[in-house]
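Hello,

Here is the structure I promised to pass on. Please have a look, and my notes follow below.

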Amino acid sequence: MQFISLRNLRFMLHEVLDLSELRNSERFKDFDQEAIDFSLDAAQQLADQYLWPVYREMDRNKAYFKDGEVHVLPAVGEGMRALGESGWLSAAWGFEHQGQQMPLTVHNAGSLIFQAANGNLAAYGFLTTGAANLIREFGSEELKQTYLQKMASGRWQGTMALTEPQAGSSLSDITTYYEPQADGTYLIYGQKIYISGGDHNSVENVVHLLLARQKDGPKGVRGVSLFVVPKHLPGPDGLTDNNVTTAGIYGKMGQRGYVAAHLMYGEQGPTRGFLVGEEFNGLKNMFLMMNEARIGTGMMATGSASAAYYASLTYARERPQGRHPGNKDINAPQVRIIEHADVRRMLLFQKAVVEGSIALLLQCSLYEDTYRVTQDDRSRLLLELLTPIAKSFPSEYGNEAVSLGMQVLGGAGYTDDFPLEQIFRDIRVNSIYEGTTTIHGLDLLGRKVMMEEGKAVQFLATEMQQEINNAEQTEATREIAAALALGMESMQQVLGTLLQLAQRDDPRVFLADATVFLDYFGLHVIGWMWLKQANAAVRALPNAEGDDETAFYQSKIQTARYFFTYVFARTAGLRRTLLAETRITLNTDEAWLL
Amino acid sequence: MKLLVCVSKTPETTTKIQLTADGTEIDTAGVQYIMNPYDEWYALVRALELKEAAGGTVTILNVGPADNDSVIRKGLAIGADDAVRIDVSEEKDSLYTARQIAEYAKSEQYDLLFFGKETISYNGSEVGAMVAEFLDLPYVGEASHLEIDGTKATVTRDIEGGEEVIEVQTPLAVSAAKGMAEQRIPNMRGIMMAKRKPLTVVAPVDYPDTTRIAEYEKPEEKGSVKLIDPDNMEELVRLLHEEAKVI
Ligand SMILES: Cc1cc2nc3c(=O)[nH]c(=O)nc-3n(C[C@H](O)[C@H](O)[C@H](O)COP(=O)(O)OP(=O)(O)OC[C@H]3O[C@@H](n4cnc5c(N)ncnc54)[C@H](O)[C@@H]3O)c2cc1C
Ligand SMILES: Cc1cc2nc3c(=O)[nH]c(=O)nc-3n(C[C@H](O)[C@H](O)[C@H](O)COP(=O)(O)OP(=O)(O)OC[C@H]3O[C@@H](n4cnc5c(N)ncnc54)[C@H](O)[C@@H]3O)c2cc1C
């Protein structure tokens, strides 16, 4: 059963993205092509053995809460330990933390394999890595000694505990608070909701990376600090209870094997926390994990869409139904549905979304790696600018792609004989958690396009222009490049209009259509990613060895053309909406929403 | 214990094999290679388990061109200590290959020489027995279990309707079949260490090639599946009798 294309990941890492700068660095010098291929092969083997076989099972035997304990399938623990013991959870860490200094670009390519195989299981692992990264980056030596290796082994779960009933999108409104103790620790009081991996019986301990505010301290983000709050306190005599109470877990539409818990701290006795980083730097530090988790959410959505694509492709190659228009011969055999133009439209849409998203996610990862070794503004700003797209494009378009995947199967897609219905339910949450799509629209338009005098957008325009300049070789790429160039001109006009609005009007007006702008901007970014892939395919095609390789490169060029004709074309409509100063949403009286 | 595991490469199992125009060679354009699964999953992993239990070293040996280094390093990533490649650039027959292995191994005093029971490409099952003959060692083929106690080896073979258990003294040569061990997924540390482990390249000894490939033929394409209505048993019987010729 295929759920992702390793060939495509290798294409991205060896033929599209230029990793030479990383290879010239001391930190990443060992990651040559062979090391990358071995790593991806190993990830595929782990996914085949531990993740994919239990994807449906984790849904059918969903997590449940009984007698104070959250029950998940033993396969969750087995999978996490397999990821831990194989070194994947800590592969990107430095040698000093027993990591392998793997570039994130490679690590995330591996994660995409796990996410496609079974995002619900993979997420337990990578959430743990994310939480441990905060300790590694900001924690004291003692915290590192106590927690890092246990978490890296997959035996202790990590979480990010931010959300509260009154503080979801608006994290500055959290009320969970802390009180310092004489021994340097803190007591924590309050509750957190929807905490993924928040409690389960497949691990020995759960380590919450929790945001809380100083008791009676300043309001807003200023009073917020970051803590390690373990479910069980590690001590010389082993683990002792830390009074983190699970009130229950949520019944969810999808991701039913991936627990989201409601937790209470300090309710049944003292809950002890340990400060991570400096006091009052909590939200700023937490952003390290949140930015990572945003890319991670994009990967999870992409993984789901990838699994759906291959499931529907397999079905379309086998299912005979109908005849070609014009063929009235009832004795003629039915054709396989992959032969119908409209089924191809649906398959190409999925492929365009999946491979376009993978390209952007790996491109972002490369910016992050490059920044690590060069500390350059360009990589840092491009990563910041593109993160909202890398999170929301795969989530939003992934939903549409999986829906079309189901459509390809017809009635069968709606039944639980096939995985499509589960994937359809599972992918949905990605546009909600880690900041709703709206929040990312606000972040992009309200902050990122203008940060540091609009430098990030200028860097992006330069990158896009370079790819347009590379597109001269063939008619197909020239056409795509021309469409992208035209899009960039329109984008300037749209940005000009919006920024004028920002100057002369209430921010409410300027930001009213931020989500529409996010969509519009995102389609340009993915268009750039498709041009980049098409250019690489054009370069490689003359030397392709064998029919499969030739078809691979041709599929890239054709999918790029599809993307521009069928998906990028939507930018024209979005642009019209963005330029229409009608203020429809703001001028809609609440009373009219009835 | 000093253990040698002989490994070869085979085309990846999903590869569509094409022949050259004259049918005497496989067209290698675009073919992806893997380590022969019997060598990797069973022979190598069992050797590593024995080493982990009793100490010693595991060396991988391959007879082939420099292109094979990647497959060899995969074995190092899984856990072998070092590797040797006997540098032979052309495709050679089993006897030639066995001669090269024997020449190398004769001065090394290995306690155990492992082979896979066959390659999944040529299915020859020849090299292991030939090496044992050259070195005058006992040989057990298609072993599904192997235990070592001092210098006594207990080897189990699956035979028609049951098992055969053989006791034999080391040094010996065995070829590994399914059951001897379970595939190991290389961990990240192993993958990164593989580069730093020694891979020695040695020149082959002169030896004549005694056979020549006259021609390869591809099997006939499998026909499409026929679905027979469950109410139409007579038709099924007729087809099994007349077309499939199995009854
Ligand atoms: C399955 C699941 C797992 C989760 N896991 C975690 C976890 O591990 N840790 C954690 O801390 N949290 C977690 N969350 C919480 C998640 O991050 C929040 O649900 C999310 O941030 C949205 O917050 P909310 O649910 O309070 O919705 P609200 O903030 O109430 O949003 C409701 C709607 O209003 C819109 N909206 C809100 N504010 C604005 C605004 N200023 N301008 C315009 N529109 C606005 C939103 O876009 C949304 O459409 C999880 C949630 C789910 C469903
Ligand atoms: C919950 C449920 C309830 C149902 N209830 C009933 C019922 O009460 N009575 C009843 O009779 N049926 C019922 N159906 C069957 C339903 O009408 C069919 O599932 C539907 O018509 C699609 O047919 P199919 O499932 O065979 O898909 P297919 O026909 O195999 O379609 C698969 C894909 O191929 C495409 N396709 C097929 N033919 C062509 C073509 N010629 N050109 C281009 N694309 C093509 C389709 O659009 C689809 O995307 C039900 C189905 C479901 C899921």
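In these notes, contact means heavy atoms within 4.5 Å. This is a predicted model, in which local features need pLDDT of at least 70 and side-chain atom pairs count only at pLDDT 80 or more, while totals for chains, interfaces and linings use all residues. Residues are numbered from 1 along each chain as its sequence is written, chains are lettered from A and ligands numbered from 1 in the order in which they are written, and side-chain values use heavy atoms, with hydrogens and water left out.

Let me start with chain B. B:Met1 sits in the segment before β1 (2-6); strands are DSSP runs of E with at least two residues, helices are runs of H or I with at least four, and both are numbered from the N terminus. With a relative accessible area of 28%, B:Met1 is partly exposed (buried is under 20%, exposed over 50%, partly exposed in between, with a 1.4 Å probe and protein chains only). Leaving out residues up to four places away in sequence, B:Met1 touches B:Leu50, B:Ala54, B:Gly55, B:Gly56, B:Thr57, B:Asp111, B:Leu112 and B:Ile148.

Next, the nonpolar cores, meaning sets of buried Ala, Val, Leu, Ile, Met, Phe, Trp, Tyr and Cys residues joined through side-chain atoms within 4.5 Å. The largest has 233 residues, and B:Phe114 and A:Leu209 are among those with the most contacts inside it. Helix α8 (residues 282-318) of chain A gives this core its largest share, 18 residues. Another core, of 20 residues, lies apart from it and includes B:Leu4 and B:Phe115. Beyond four places in sequence, the residues that B:Phe114 touches include B:Leu50, B:Cys6 and B:Met180.

In chain A, the UniProt annotation "domain: Acyl-CoA oxidase/dehydrogenase middle", from an unreviewed entry, covers residues 160-263; such positions follow the numbering used here, feature names are shortened, and annotations may be inferred rather than shown by experiment. That span is 0% helix and 50% strand, and its end C-alpha atoms lie 12 Å apart.

A:His208 lies in strand β6 (residues 205-214) and is buried, at 0% relative accessible area. Its side chain makes a polar contact with that of A:Thr159 at 3.0 Å. A polar contact here is a pair of N or O atoms within 3.5 Å; within protein, one must be able to donate a hydrogen and the other to accept it, and residues adjacent in sequence count only if both atoms are side-chain atoms.

Best wishes
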